[in-house]
Amino acid sequence: MPQTVLLAEDDRAIRHALERALTLEGYRVTAVADGVEALAQAHRSRPDVLVLDVMMPGIDGLQVCRVLRAEGDRTPILMLTALVETADRIAGLDAGADDYVVKPFDVEEVFARLRALLRRTGPAPADPGTAPPEAPRRTPEPAGRSGEPGAPEPAASPAGPAASASPVSPAGPAAPGPSAVAAPAALPEHLVEAAGIRMDPRARRAWRGRRELELTRTEFELLELLVRNAGIVLDHSTIYDRIWGYDFGPGSKNLAVYVGYLRRKLDEPGAPQLIHTVRGVGYVLRED
């Protein structure tokens, strides 16, 4: 089945041109002229992705976004805007948008951003940043001389170093010896934790200490990437590729805007800052 796009754009020429381009690209498109129609259509039939113009008469794109998010609708939203100031982009992200394209835009950029949003919401392949499945338990083989109590053989472990050397494991490599068997049991397998941040990717919930964080889809995925790689500096290209599936280039402020918004939700008075900027490289999560 083709993926569905709800397009809301009050400029008739842009709406028709984009509707035609998206249809030729293989999407099933419903195009409307204002925010009222967009909300009505979204309630009638939930699309795979929304493309909303910011400036529309009556209910604008930001209001549509706020209403849908308040209703718990997590359908990805791409905003179209002629407003290029950082404050305007932040307003869109605060409203719950996942990404934006500045007018005038190249239709290929719209396609690329839609593909990235839909990849993140479709059936998820195995994430290379996810901890590997737990290896089946193996019954210890009898010791060579039954009279020798507790003769551990760390060098002959079938798991070897690779089983615990995941760069995203919050617990780090297990120490050799019998105590290593019980150590990982402290944290359920599906949870990830680092620097005082605990996340449940299955339920898409996150906490700093005892405080639950209210995060948009993009914020959650960005924080999860940083938590799984705590202490590792992630460069801009890596983050763009993992979160958006597309590198917007050195001139883009998209990542900086999201990091700034995430910091405001994470930071607490008197507590250490968790997300650090490594100038000219990228970002790292660590608790100084």
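In this predicted model, strand β11 (275-278) and strand β12 (residues 282-285) run antiparallel and are joined by four bridges, two strands being taken as paired if DSSP finds at least two bridges between them. Helices (H or I, at least four residues) and strands (E, at least two) are DSSP runs, numbered from the N terminus. Within this pairing, Thr 277 stands opposite Tyr 283 of β12. The two strands belong to an open, antiparallel sheet of three strands, ordered β10-β12-β11, in which β10 (234-235) and β11 are the edge strands, each pairing on one side only. Helix α6 (residues 217-228) lies across β10, β11 and β12 and runs at about 70° to β12, whereas helix α8 (residues 254-266) lies across β11 and β12, at about 150° to β11. For these angles, axes are lines fitted to C-alpha atoms, for helices over the stretch in contact, and the values run from 0 to 180 degrees between N-to-C directions; contact means heavy atoms within 4.5 Å.

Residues are numbered from 1 along each chain as its sequence is written, and side-chain values use heavy atoms, with hydrogens and water left out. As the model is predicted, local features need pLDDT of at least 70 and side-chain atom pairs count only at pLDDT 80 or more, while totals for chains, interfaces and linings use all residues.

A second open sheet is formed by five strands with parallel pairing, in the order β2-β1-β3-β4-β5. Its edge strands are β2 (28-32) and β5, each of which pairs on one side only, and the twist from one strand to the next averages 20°. Strand β4 pairs in the parallel sense with β3 (residues 49-53) over four bridges, where Asp 53 has Leu 80 of β4 as its bridge partner. Four bridges also join β4 to β5, again in parallel, with Met 79 partnered by Tyr 100 of β5. Five of the five residues of β4 are buried, so this strand is largely enclosed by the rest of the structure; buried means under 20% relative accessible area, exposed over 50%, and partly exposed in between (1.4 Å probe, protein chains only). From β4, Ile 77, Met 79 and Thr 81 point one way, and Leu 78 and Leu 80 the other way.

A search of the whole structure finds one cavity of 30 Å³ or more. On a 1 Å grid over the protein atoms alone, a cavity is a set of points where a 1.4 Å probe fits but cannot get out, and lining residues have an atom within 4 Å of a point. The largest cavity holds about 80 Å³ of space, the volume being that filled by probe spheres set on the points, which are joined across faces, edges and corners. Its lining includes Met 79, Thr 81, Arg 89 and Tyr 100. At least two lining residues come from each of β4 (77-81), α4 (86-94) and β5 (99-102), and α4 gives the most, with four.

Lys 253 lies in the loop between α7 (236-243) and α8, and is exposed, with a relative accessible area of 51%. When residues up to four places away in sequence are not counted, Lys 253 touches Arg 89 and Tyr 100, both of which also line the largest cavity. Lys 253 and Arg 89 are 164 residues apart in sequence, and their C-alpha atoms are 9.7 Å apart in space.

Technical notes
On a 1 Å grid over the protein atoms alone, a cavity is a set of points where a 1.4 Å probe fits but cannot get out, and a pocket is an open set with protein on both sides within 12 Å along at least five of seven lines; lining residues have an atom within 4 Å of a point.
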